[in-house]
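Let's take a walk through this model, from its ligand to its chain contact and on to a strand and a helix. Have the structure open as you read.

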Amino acid sequence: MLHILGAQKTFFSGKPDEKVALDGLNLTLDKGEFVVVIGSNGAGKSTLLNAISGSLMLDSGSIHIGGHDVTRVSVHQRARYVARVFQDPMKGTAAGMTVAENMLLAELRQSKARLRVGLTTKRRDWYREQLSYLKLGLEDRLDTRVSLLSGGQRQSLSLVMAVMDEPNILLLDEHTAALDPRTAALVLDATIRAVDIFKLTTLMVSHNMQHAVDYGTRILMLESGKVKFDIAGDDKVSVTISGLTDHFSVKTDRMLLGAEYA
Amino acid sequence: MLEVFSVFWALVPVTLAQSLILSFVVLGVMIPFRILSFPNLTSEGAYPLGGAVCAVALLAGVPAFLSIALAFTAGFLAGTLTAFIHLRFHIHTLLAGILVTTMLYSVNLRILGKPNIPLFREIKVFDYLAFPFLSINAGKILLAGLLGLLFVLTLRFWFNTERGIVMRAVGDNSDMAEAQGNNVNRSIFLGIGVAGGCSAFSGSLMVQSQSFVDVNMGLGILINALAALMIGEAITGRERLLKQLAAPFIGSIIYYQLISFCLAAGLAPSDLKIATGIFVIAMLAGPTLIQKRPVRMAHEKIRE
Ligand SMILES: Nc1ncnc2c1ncn2[C@@H]1O[C@H](COP(=O)(O)OP(=O)(O)O)[C@@H](O)[C@H]1O
Ligand SMILES: [Mg+2]
């Protein structure tokens with residue numbers, strides 16, 4: 001499903017503050033894999049996700065999604081394969097527009113916008129149904145402006161928008177980190193359910209080691225733009241936090257063991 | 001005092017006709033500013049451009065409706081030029097608009113050949129409504145009003161279509177619109193183009209209304225339009241699309257009556273611009289003065 005070969009990305013190349021964010025990274029994901037990406041600050045996790053979504057172009061290396069070479073394909077053209085939820089709830093939704101209009105924008109990811117009425121009754125019914133899975137009451141607020149929703153509701157809406165058309169790849173970059181613990185748990189719960197229902201191929205960046213242990217089918221640890229650890233299969237099932245920490249030191253990380261990072 | 005009112009009252013119909021014609025400029029300012037988040041000054045040049053193109057077309061014997069369409073097209077191109085300068089060279093939208101307006105001044109002079117031309121003999125669009133039971137002003141009010149209604153309804157339909165919703169999303173959160181697979185630049189080109197077209201459309205109606213075209217007719221039009229927009233939005237509010245679309249028209253009608261009243265009350269025409277400027281500043285600054293600490297979701301602590 002996802003094939004990354006020799007991904008290289010350097011910021012401020014040739015300058016004194018040169019930063020190698022991805023350093024010949026290789027990664028292959030099969031359909032349905034749910035990868036939790038961990039790693040210390042600056043390890044290149046966000047850069048990896050940006051490269052997959054197309055918001056950053058690689059210096060060298062290649063990216064294939066579902067057999068298509070997307071290495072040089074722009075964000076809006078990749079959108080049909082890749083859906084994304086950002087850490088910042090403000091980023092994933094259009095605040096001045098209604099919940100239903102935002103859902104429509106997400107739906108249009110798969111097709112071309114045409115000159116015909118957008119919010120038909122049929123669509124509104126479908127959106128209502130999709131939102132009802134969240135159990136946040138958003139299904140009754142289709143015509144509410146998103147700016148009036150709480151951060152957690154906005155992030156949940158972003159999540160529904162990301163998964164509703166069953167994208168080939170779902171990218172989650174610390175998407176619960178900006179939320180308070182209770183809301184974060186709600187959104188995470190909705191995430192796990194959605195990934196499970198739609199069998200989505202997912203890359204989820206998290207600072208929480210407990211998440212890496214509890215969720216997903218694979219753990220990917222990045223360090224200095226390379227894959228340091230890749231645990232899948234039975235190893236993943238039997239992994240524990242102490243097992244993980246034995247693998248690498250976390251003294252200087254902002255990773256917290258078990259506790260929610262906020 | 002009574003005299004002031006009678007002078008003002010006598011001018012109400014003329015002013016109303018004028019304000020309806022000029023409301024299309026206000027629309028041309030509103031769309032970039034409010035819907036596309038692309039503050040844009042192109043109107044100042046697109047308005048006289050529309051006037052010039054229409055006048056020259058009329059002089060060449062082109063029918064009035066076609067002349068107006070040509071003017072709209074010219075304004076559309078002017079708008080897309082501003083959008084192009086901004087998108088391609090990353091020049092600030094305001095500067096891009098100033099550049100285009102400045103260049104258009106020369107273009108308009110070239111089109112006209114001289115600074116001003118009277119249009120007395122040509123058949124103008126308002127002549128089609130010259131019925132005995134309809135005064136000249138009533139005809140202008142009727143036509144401009146109907147056209148305004150047509151624009152509002154068309155735009156309302158458009159902004160509720162899939163493409164129109166995408167366009168609004170581009171103005172609201174362009175990163176998100178792009179991440180959802182939309183070609184942001186295309187929406188901006190189209191939106192800014194239509195806005196320029198609206199301003200030129202207004203110019204083309206104006207030269208036909210006053211039977212006269214002047215290369216300086218756009219001077220200060222932008223600040224007037226902005227003032228009108230502020231008034232309109234203060235009255236209609238902005239929370240629904242229809243209100244946002246109606247604001248330019250309602251604002252324009254009221255604003256120009258206010259100006260007319262000020263003039264009737266003895267304000268020197270040369271002082272109008274400073275009065276308008278102060279008014280716009282007050283309207284823009286007002287909310288920040290009333291609401292000392294602006295409450296914004298973005299800075300609010302996120303909670304459930
Ligand atoms: N847009 C950017 N410009 C310059 N440097 C960047 C940019 N994005 C990331 N970096 C640098 O690349 C490295 C990896 O960053 P990032 O991928 O954001 O790390 P992570 O998400 O794992 O914390 C860091 O050293 C960071 O400073
Ligand atoms: Mg990051």
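## Around the ligand

Two elements of chain A, β2 (19–29) and α1 (45–53), each give at least two residues to the shell around ligand 1. α1(A) supplies the largest share, three residues. Helices here are DSSP runs of H or I with at least four residues, strands are runs of E with at least two, and both are numbered from the N terminus. A quick note on the source: this is a predicted model, where local features need pLDDT of at least 70, side-chain atom pairs count only at pLDDT 80 or more, and totals for chains, interfaces and linings use all residues. Residues are numbered from 1 along each chain as its sequence is written, while chains are lettered from A and ligands numbered from 1 in the order in which they are written.

Who sits in that shell? Among the residues surrounding ligand 1 are A:Phe11, A:Lys19, A:Ala21, A:Lys45, A:Ser46 and A:Thr47; a residue is near the ligand if its C-beta atom, placed from the backbone, lies within 6 Å of it. By type, the shell has three nonpolar, six polar and two charged residues. Ala, Val, Leu, Ile, Met, Phe, Trp, Tyr, Cys and Pro count as nonpolar, Asp, Glu, Lys and Arg as charged, and the others, Gly among them, as polar.

## Where the chains touch

The contact takes 35 residues from chain A and 24 residues from chain B, with two residues in contact if their C-beta atoms, placed from the backbone, lie within 7 Å. On the chain A side, α2 (75–78), α3 (99–107), α5 (151–163) and α6 (181–198) each give two or more residues. The largest share, four residues, comes from α3(A).

That helix is mostly covered, with eight of its nine residues buried. Buried means that 20 or more other C-beta atoms lie within 10 Å of a residue's own, C-beta atoms being placed from the backbone. Its cover includes α4 (121–132) and α5 of chain A, plus α6 (162–172) and α7 (174–179) of chain B.

## An enclosed strand

Strand β3 (residues 34–38) of chain A is largely enclosed by the rest of the structure, because five of its five residues are buried. A:Phe34, A:Val36 and A:Ile38 point one way, A:Val35 and A:Val37 the other.

β3(A) pairs in the parallel sense with β8 (residues 201–205) of chain A over four bridges; pairing needs at least two bridges found by DSSP. There, A:Phe34 stands opposite A:Thr202. Four bridges also join β3(A) to β9 (residues 218–223) of chain A, again parallel, and A:Val37 stands opposite A:Leu220.

How values were computed
Buried ≥ 20, exposed ≤ 12 C-beta atoms within 10 Å, placed from the backbone.
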